[in-house]
Amino acid sequence: MFKRSFLMVSLILVTVFTSAFIGQMMQTKDLPSSYDSGLTIETAFKTSKVPLLVEFYSDDCGTCRKLTPLIHQLHKELYRDQLTVVMMDVNDPAIQDIARLFGVDSLPALYVFDHRHMRKHQIPPEAFTSRDKLQSALDELLSRLS
């Protein structure tokens, strides 16, 4: 009787811990930070020949979780030679000063920064609702920068 109870409790514990681990893995799989290339804004300013797409995000932001994959998909498919993507995690204390300089007051925040002319252009939050709207906003901005 004791062996059977011990076996049942062990089996339940293994099941609980396994499901918790799998749940945690599924939650962290698509965090915005998992898309971060580690490119700093300073390095991007020095090395990029094209405008910067600066994304301010937080892993805690639901909209950021939906938007970040779209940004990176569009970059990979359409804008690889036209934009350099720089991700800025506002939970990092070093990034908070940069976010203030950009005027970030809500997340996510997207800016196209033309560092040749030292101009920033905010992508309106209405563009975050779909891939088509985001692509349209980026196309419009890039045409104005050309």
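Visitor: Where is Met87 placed?
Guide: Met87 is in strand S2, which covers residues 84–89. Keep in mind that this is a predicted model.

Visitor: Is Met87 buried or exposed, and why?
Guide: Met87 counts as buried because its relative accessibility is 5%, and the cut-off for buried is under 20%.

Visitor: What does Met87 touch, leaving out residues up to four places away in sequence?
Guide: Pro32, Tyr35, Asp36, Glu55, Tyr57, Thr68 and His72. Take Glu55 as one of them: Met87 and Glu55 are 32 residues apart in sequence, yet 4.8 Å apart in space from C-alpha to C-alpha.

Visitor: Let me zoom out. How many helices and strands does the protein chain have?
Guide: Five helices and four strands. Along the sequence they come as α-α-β-α-β-α-β-β-α.

Visitor: And what share of the residues is buried?
Guide: 37% of the 146 residues in the protein chain. As for the surface, the chain exposes about 9,400 Å², with 59% of that coming from carbon and sulfur atoms.

Visitor: What about sequence separation: what share of the contacts joins residues at least 24 apart?
Guide: 71%, taken among contacts between residues at least 6 apart in sequence.

Visitor: OK, helices. How far does H3 reach from its first C-alpha to its last?
Guide: H3 reaches 24 Å with its 18 residues, close to the 26 Å expected at 1.5 Å a residue.

Visitor: Which residues of H3 are buried?
Guide: Cys64, Leu67, Thr68, Leu70, Ile71, His72, Leu74, His75 and Tyr79.

Visitor: Now the hydrophobic part. Which residues in the largest nonpolar core touch the most other members?
Guide: Leu53, Leu83, Leu110, Val112, Ile123, Leu134 and Leu138, in a core of 23 residues. Strand S1 (52–57), H3, S2, strand S3 (109–114) and helix H5 (131–145) each supply at least two residues of this core.

Visitor: What's around Leu53, not counting residues up to four places away in sequence?
Guide: Leu53 touches Ile71, Leu83, Thr84, Val85, Val86, Leu110, Tyr111, Val112, Ile123 and Leu138. There's also a second, separate core of 15 residues, and Ala44, Met88, Val90 and Phe113 are among its members.

Visitor: Switching to strands. In which sense do S3 and S4 pair?
Guide: Antiparallel, over five bridges, with S4 covering residues 119–123. Within that pairing, Val112 stands opposite His121 in S4.

Visitor: Which residue takes a positive phi in that hairpin?
Guide: Met118, with phi near 55°. The hairpin has four residues between its strands.

Visitor: Last topic, aromatics. How many aromatic pairs are there?
Guide: The count comes to five. Phe45 and Phe113 form an edge-to-face pair, 5.2 Å centre to centre with 90° between the planes. That pair links distant parts of the chain, since Phe45 is in helix H2 (residues 41–47) and Phe113 in strand S3, 68 residues apart.

Visitor: Why is the pair of Phe102 and Phe113 called tilted?
Guide: Because their planes are at 55°, with the ring centres 5.9 Å apart. Phe102 lies in helix H4 (residues 93–102) and Phe113 in strand S3, so this pair ties together parts 11 residues apart in sequence. Phe102 is buried, with a relative accessible area of 8%.

Visitor: Which residues do the ring pairs link into a cluster?
Guide: Phe45, Phe56, Phe102, Tyr111 and Phe113.

Key. Residues are numbered from 1 along each chain as its sequence is written. This is a predicted model: local features need pLDDT of at least 70, side-chain atom pairs count only at pLDDT 80 or more; totals for chains, interfaces and linings use all residues. Side-chain values use heavy atoms; hydrogens and water are left out. Buried means under 20% relative accessible area, exposed over 50%, partly exposed in between (1.4 Å probe, protein chains only). Contact means heavy atoms within 4.5 Å. Accessible areas come from the Shrake-Rupley method with a 1.4 Å probe; for residues, only the protein chains shown count as cover. A nonpolar core is a set of buried Ala, Val, Leu, Ile, Met, Phe, Trp, Tyr and Cys residues joined through side-chain atoms within 4.5 Å. Two strands pair if DSSP finds at least two bridges between them. The expected span of a helix is 1.5 Å times one less than its number of residues. Rings of Phe, Tyr and Trp (its six-membered ring) pair if their centres lie within 6.5 Å; planes under 30 degrees apart count as stacked, over 60 as edge-to-face and the rest as tilted.
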